[in-house]
Amino acid sequence: MIEGAKWRRWIFFYIPLSAFIFTLLFPFYWMLVTAVRPDSELYRPWSAPNYTPFWTAHPTLDHIRYLLQETLFSTWMLNTLFISIAATLISLFCGLLAGYALSRLKFRFAGMLGTAIFITYLVPQTLLFIPLADIIRNFRLGDSPWALILTYPTFLIPFCTWLLMGYFKAIPRELEECARIDGAARWQAMLYIIFPIAVPGILSAGIFAFTLSWNEFIYALVFLSSPEEKTVSVGVTSELIRGDVFYWGSLMAGALLGSIPVAFVYSFFVEYYVAGLTGAVKG
Amino acid sequence: MARISRRKLLKLSGGGAVVARTGGIASILALKQAPAFAQATTLHWLRWNDFVPASDTVLQKEIVPECEKALGVKLSIEMINGNDIQARTTSAIQSGSGPDIICALNNWPQLYPESVADVSDVADEIGKAQGGFYEESRVVANDGKKWIAVPWCVLGAQLAYRKSWLAEIGYEAPKFAQTWEEYREAGKKLKAKGRPFGQAVSHSFGDPPTYAYPYLWSWGGKEVEADGKTVVLNSKATVDSVNFAVGFWKDAYDEGGLAWDDSSNNRAFLAGTISSTLNGASIYLEAKRKPDVYLTENGTPLWQDILHAPLPKGADGQFGYHLPMSNMLMKYVKDPKPGKEFLRWITSKPVYQAWFDSQQGYSVGATTIWEKDKLWDKDPVMLPFRTAARAGRFPGYAGPADRHAAEVLSKYIIVDMTAKAIQGMPAQDAAKWAHEEVTRIHA
Amino acid sequence: MAASDIATSDTYKSAVRRWPITRLLEDERWLAFVLLLPTMVLLGLFIAYPFVKGVELSVTDAKVGVPGRFVGMQNFAALLDDSIFRVAVWNTIVYTAVTTVFKLALGLWLALLLNRNFKGKAFTRAFILLPFIIPTVLSTFAWKWMFDPTFSVINWTLFRLGLISTRINWLGDPSLALISVIIVNIWRGVPFYAISLLAGLQTINPELQDAAAIDGARPWQRFWYVTWPLLLPVTMVVVLFSVIQTFADFQLVYVLTGGGPANATQLFATYAYQVGVGTGLLSQGAAISLAMFPVLLVVVIVQLLYIRRVETL
């Protein structure tokens, strides 16, 4: 606690914290107000005398209704959910195995491979997507969620691997050796002893991977074309910007609906996430 | 569905006199059954989000079911932001799969001649049946030897202005500023009253080029000579035009225009913050669509205070660049026949009529017969748009409208020339920079 | 039990002898190979191979639909001449440097604040993450609307507070546009820094701080000499990942300004996209993307060396 007078607490704690919270969360409030603001108010310039940015006298559910009924928003949400979960599972699987191998097994190329995996994180997406388009075409994955489910791990795996490596390094070797003395094979020790201990790290990496998949834009923009296949990011930007008219109301409603569920899940797991990073750091 | 022999179908619908007069759909109806394609074919048509939403509704609600009935083709229309069409086309071509038909804007078909199917048969037929294409439409959809796209429409661009505000400073309708100098004076007076002009000078496909190119031409500037190779952009005329533009900008324009996209001027005009802007008819049509939402400062409906006028004259003449659109049939499509049938069908008079009507004059057909349509008698405010497409000039002037011109357009070099000068670069340097960029592209 | 006894223990031997494959997997090298196989396949197929193809693309003159011939370093030479490219490089460097510094400073401050016990702590921590969770494209739209020259709520507020008299052209004025983009990036990144640094802070034994306090150290000194050095490993790693992501940032600028006005906010990624995919000049786009790679590599190597040095302290 901040020692000293109460006023010190206010200056050094409450005010800065409130300022942070306000700045970080105001755009969401803004989105909420815009989502329920009727059209006539939306297009009022800020110099007009009756500009009321922070509230609206006539909230309307029209935009939300439009979003859910006239567009394929719910389909996009389901698509994004499916793609994100699948990509996360694949990345976690690969990252778990790779992280274990690189941090706890001794073999000749360990260092080099670790670095190589890390280097792939640096390769920019804008370089990859034209050649990737060729590969997608050869595998006939074009315009299907699998194009994304298989390409997202390319930037998810390096991060998951690194995070889990940090975790594994912190687990004492004795645990494995004890297990092997007791008769377990190496892979059994890995699966039944080490992995359960690393669950917080796994959750943490999983949450991160999920967020990054949910957030991804370029590949989704380039590889998907049918409206039914689109993800939330691509769908909202391509279908709610109709020429002259940005359907701001529905756009903001989409933005909110597209993120609150994820935030909710996060609120349950944030403790794991924090603990996860802590574990990685200790190592 | 009974199978009809190909020969019979071709006899009835192939480029004969019957079709020329009655159009594809009539001949198909005459068969009293849908032509049989082996299975139910699907066609994916990629278009931009129309600035007239009613037309998109017509396409989805009327044309799609009609198409299934008439051609046996399941049509799926995807509508995206116009600025994204090029990117989608590139990725579709590279990945070898994507939409069957893409509605390209401006001279973009010239960027993809190797990747589109030859549609000369369809285009020639439509042209003959409908009085010929406008030069502008032809030039962007034809590579000199064959048709690489079927022209679809032309979006007329005019200055939309507030009648009452212009009247206050001396321009009682139908009088309007005739030269750039006059227009600038008017703008100065209006900006002083807090009613500047508005123009997007940014990387958006619609408003910026339709202003920048005719502006340049009216001063006598041009990209290349008629041989298509000699770049002559950096000339006294060009530098003069840029110089004028900078002063003009500060005197008369809403300076936010550097960040505007194609919809910003619409919003600004409808909100009453600008007095005049170059645009398609979408501002007027939107105001007319919602007369209680868009009001003047006196509470009267805004649409009654809007008029249209062409861009002013410069030393070298008066020009306009009106945005052409054409449909490309992609080469990666396995069987081009349904696509061609579709293009023939949808550009035919009876089918196109429905779409044309919904546009309310926002676009003109790519062929000349649409000038005679009854629609133009309905609203005199829309009359300037009727003959818009006869303007005749297109990017790449004075050379052909080829790939190089399309690259120059896609890179927004002409637009940026002015933008840079407005941001402080001396006009000579801006013109020199633009000249070098164009030369590099033509190399 | 001695280590040598492990290998000779009967139960162990019998377990291993059961299937030949398990014997194989006992060998560290083979196990590693099997474990790394899925990763290698995925990364090989979807990164290594396209990378090579991308490099190939950059040394041809391919355009969309046209395969192109080998032209050597022509694309790269042209880039050196290209004024827009130079602007993009400069912008990217400024963008990354400025945002990182601010994100670190503000993130650290927020982490220190969040490290205390207060009511609603868990709740706050969860909601603080919102800017980071929401798809960038969508939150950027909200900002775009907030910055809009005609409808901006920020302008309205500043106007009402008497701080400005005419409106601020956030996205239309070239210098302001870059600042606007930086602001949005900082807004999005601070939560990530904050939560990560918070995690790091929580590993620091509070007794260390108490001991320093007893010795008479003031709060600022306690932070600088006790907390900060212990936080450095986490910080460096977070900064490393953040720099990599910011350097290659695309979505934010794409939505907010599209690279404008007149290339004032053009970054490596947006320029590569505009040239390669927008105009269809695939080889030039690939060259621009590739040009990003060595710069990034240098930045990363420097940071990695620093991390290694810090870790051995």
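**Helix packing, then chain contacts**

Let me start in chain B, with helix 3 (residues 53-71) and helix 14 (residues 349-359), which pack at an angle of about 155° with their axes 8 Å apart. Because of that angle, helix 3 of chain B is roughly antiparallel to helix 14 of chain B. Their crossing is right-handed. Please keep in mind that this is a predicted model.

Which residues meet there? On the helix 3 side of chain B they are Ala54(B), Ser55(B), Val58(B), Leu59(B), Glu62(B) and Ile63(B). Across from them, helix 14 of chain B brings Ala354(B), Trp355(B), Ser358(B) and Gln359(B). Sorted by class, this contact between helix 3 and helix 14 of chain B has six nonpolar, three polar and one charged residues.

Now chain B as a whole. Its secondary structure comes to 17 helices and ten strands. Along the principal axes, the C-alpha atoms of chain B fill a box of roughly 70 × 55 × 35 Å.

Next, chain C and what it touches. With chain B, the contact involves 21 residues of chain C and 29 residues of chain B. On the chain C side, the elements giving two or more residues are helix 11 (174-202) and helix 15 (268-278) of chain C. How does that side of chain C divide by class? There are nine nonpolar and twelve polar residues, and no charged ones.

The contact of chain C with chain A takes 86 residues from chain C and 79 residues from chain A. Helix 4 (residues 28-58) of chain C gives the most to the chain C side, with 17 residues. By class, the side of chain C that touches chain A has 62 nonpolar, 18 polar and six charged residues.

Last, the inside of chain C. The domain assignment gives domain 1 (1-58) and domain 2 (74-311) of chain C. Where these domains touch, four residues of domain 1 of chain C are in contact with seven residues of domain 2 of chain C. The domain 1 side of that contact in chain C divides into two nonpolar, two polar and no charged residues.

That is what I have for today.

Technical notes: Residues numbered from 1 in each chain as written. Chains lettered and ligands numbered in written order. Predicted model: local features only at pLDDT ≥ 70, side-chain atom pairs only at ≥ 80, totals over all residues. Axes fitted to C-alpha atoms, helices over the stretch in contact; angles between N-to-C directions. Helix = DSSP H or I, 4+ residues; strand = E, 2+ residues; numbered from the N terminus. Parallel < 35°, antiparallel > 145°, perpendicular 65-115°, else oblique. Left-handed = near helix turned anticlockwise from the far one by under 90°. Contact = placed C-beta atoms within 7 Å. Nonpolar A, V, L, I, M, F, W, Y, C, P; charged D, E, K, R; others polar. Domains from an automatic or database assignment.
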